[in-house]
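Reader: I've just opened this structure and I'm new to it. Could you walk me through it, one question at a time?

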Amino acid sequence: SSSQELPPGLIAELMAVPPPNGKKLAYGTAGFRDTATLLDSTFQRMGVLAALRSIACGGQVIGLMVTASHNAVEDNGVKMIDPAGSMLAIEWEGHAATLANARTEEELKAILIALLAIAAPAFPSPSTPTPPRPPARLNVTLVNTAEEENTLYLNDKCGAEFVQKGQQPPKGMEDERDKGRRWASFDGDADRLVYHFYDQEGKWHLLDGDKMAVLAADFLMDALKESGLPPPGDEGGQAGDWKVAVVQTAYANGASTRYLRDKGIPVVFAKTGVKYVHHEAEKYDIGIYFEANGHGTVIFGETMAKAILSHKEKLEKGVVSESEVSKKEKIATTRLVCAQQLINQAVGDAMSDLLFVEAVLRLKGWDIADWHKGLYTDLPSKQLKLQVQDRTVMSCNKDETRAMTPGGLQEALDVLMASSAVAPHGRVFVRPSGTEDVVRVYAEAATPEIAAQLALDASKIVYDMAGGVGVRPA
Ligand code: G16
């Protein structure tokens, strides 16, 4: 409805499912997350919020993903998706939290009427038609699906989080040692992807989001160079005027950052969370972003997309002569066009990322071992998480590489990093999770042993200074 009155009975229905006592619900890194039993009221209210957001977007479709995502099966969550397929606009996250936490009739009415006032002026406006998607085919073997006996639990000893954070194969890989196949792991809502395989010596290797970012950057930079695409605005201008960058988070393996910078590809950092990295990537003509955990995509700016299409038309019409050079240019330009069609530029998803990786590997003539060896070697790393009484006592700087509170914590971590065993390659950072009730610890160093020790020492510091609960890490 575009009327600014609340539908009759709405408040009574919402009051019948009150929010959990003593719990402040927050719209975290990607939606509300908690033990499933605490989220009934939130789910109901997000249905109402989706309707309001739809009104605000001129009647377009809003998505709600109900998911434990990367978390354990007893957890649950709800993410809201905007009409373009991107995460909910950040300025609405506060509205979502106010609605989720409203306890009295008055509080509920106040927030809903305020939201109607924000939303209704935009209604109705013409909706944007959804562009048709191209068809795509690949033969795959599915394992660890819900249908399989004894594997009924989402993410249980499998899934992108289990594989990437634990640096271990998912269950069911025991017989894969000598088969030379490549495997991909998704998370529960299929927006994360990591690859893995056993090499000929039977050693297992992980290819995470950083490896995908580098593969995508290599491929697209080559295509851009070979396409002969004129620079923006001025066809006679200097080459290299298009702005291309890779956006990473503090979790990016240092070796991947070094590799990209050595190749002259700019790298910028953003806070953990697709909504932050995506926003940063939008500032470039081609913005490539993958979080190490496997979330990511590539986005093309509007000017760049138009320039590629018009260049393709010129090449096809023979405005440029049919020489060997122009054949090469045509192929490269077509690759740039196809990459845009294949990749999910709204927010990235595991299926389209998988198809993109498969296509790039095929074009390069690479198998997974070539991809693993052909770019860079990961610095050994270790991730831990630990529970604290209240994770909001911890806060970080803009790119989450340093802890701002509690006071003294970062100084203690700095002392760890300055020790001769750790420097110069070692680093550690800690941050409160936005999806789980934990503090995350990430360490990387010259050897797996040093990385593990660094992560453990940092966990002890967090436990002591930020109110750890349960047994002290040992
Ligand atoms: C969500 C976000 C990701 C983020 C991850 C971890 O993943 O969508 O961008 O990297 O949480 O966040 P945190 O470390 O704050 O818990 P998912 O797959 O659960 O949606």
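Reader: Which helix is Leu361 found in?

Author: Before we start, keep in mind that this is a predicted model. Leu361 belongs to the helix that covers residues 350-364, and that helix is α11.

Reader: Is Leu361 buried, partly exposed or exposed?

Author: Let's count its neighbours: Leu361 has 18 C-beta neighbours inside 10 Å. A buried residue needs 20 or more, and an exposed one has 12 or fewer. With its 18, Leu361 therefore counts as partly exposed.

Reader: What covers the buried residues of helix α8?

Author: Helix α8 runs over residues 274-281, and its buried residues are Val274, Tyr276, Val277, His278 and Ala281. Their cover includes strands from elsewhere in the chain: β7 (244-248), β9 (286-290) and β10 (296-300).

Reader: Zooming out, how many residues do domain 2 and domain 3 each put into their contact?

Author: The domain assignment gives domain 1 (10-122), domain 2 (210-374) and domain 3 (381-465). The C-alpha centres of domain 2 and domain 3 lie 33 Å apart. Where they meet, domain 2 supplies 9 residues and domain 3 supplies 10 residues.

Reader: And what classes of residue are on the side of domain 2 that touches domain 3?

Author: We're looking at the 9 residues from domain 2 here. Sorted by class, they come to 4 nonpolar, 4 polar and 1 charged.

Reader: Why does the radius of gyration of the protein chain agree with a compact globule?

Author: Start from the length: for 474 residues, a compact globule would have a radius of gyration near 23 Å. The protein chain agrees with that because its own value is 24 Å.

Reader: Which residues come nearest to the ligand?

Author: There are 18 residues around the ligand. By class, that shell divides into 2 nonpolar, 10 polar and 6 charged. The ones that come nearest are Ala30, Ser69, Ser433, Gly434 and Thr435.

Terms used
Residues numbered from 1 in each chain as written. Predicted model: local features only at pLDDT ≥ 70, side-chain atom pairs only at ≥ 80, totals over all residues. Near = placed C-beta within 6 Å. Nonpolar A, V, L, I, M, F, W, Y, C, P; charged D, E, K, R; others polar. Rg over C-alpha atoms; globule rule 2.2 N^0.38 Å. Helix = DSSP H or I, 4+ residues; strand = E, 2+ residues; numbered from the N terminus. Contact = placed C-beta atoms within 7 Å. Domains from an automatic or database assignment.
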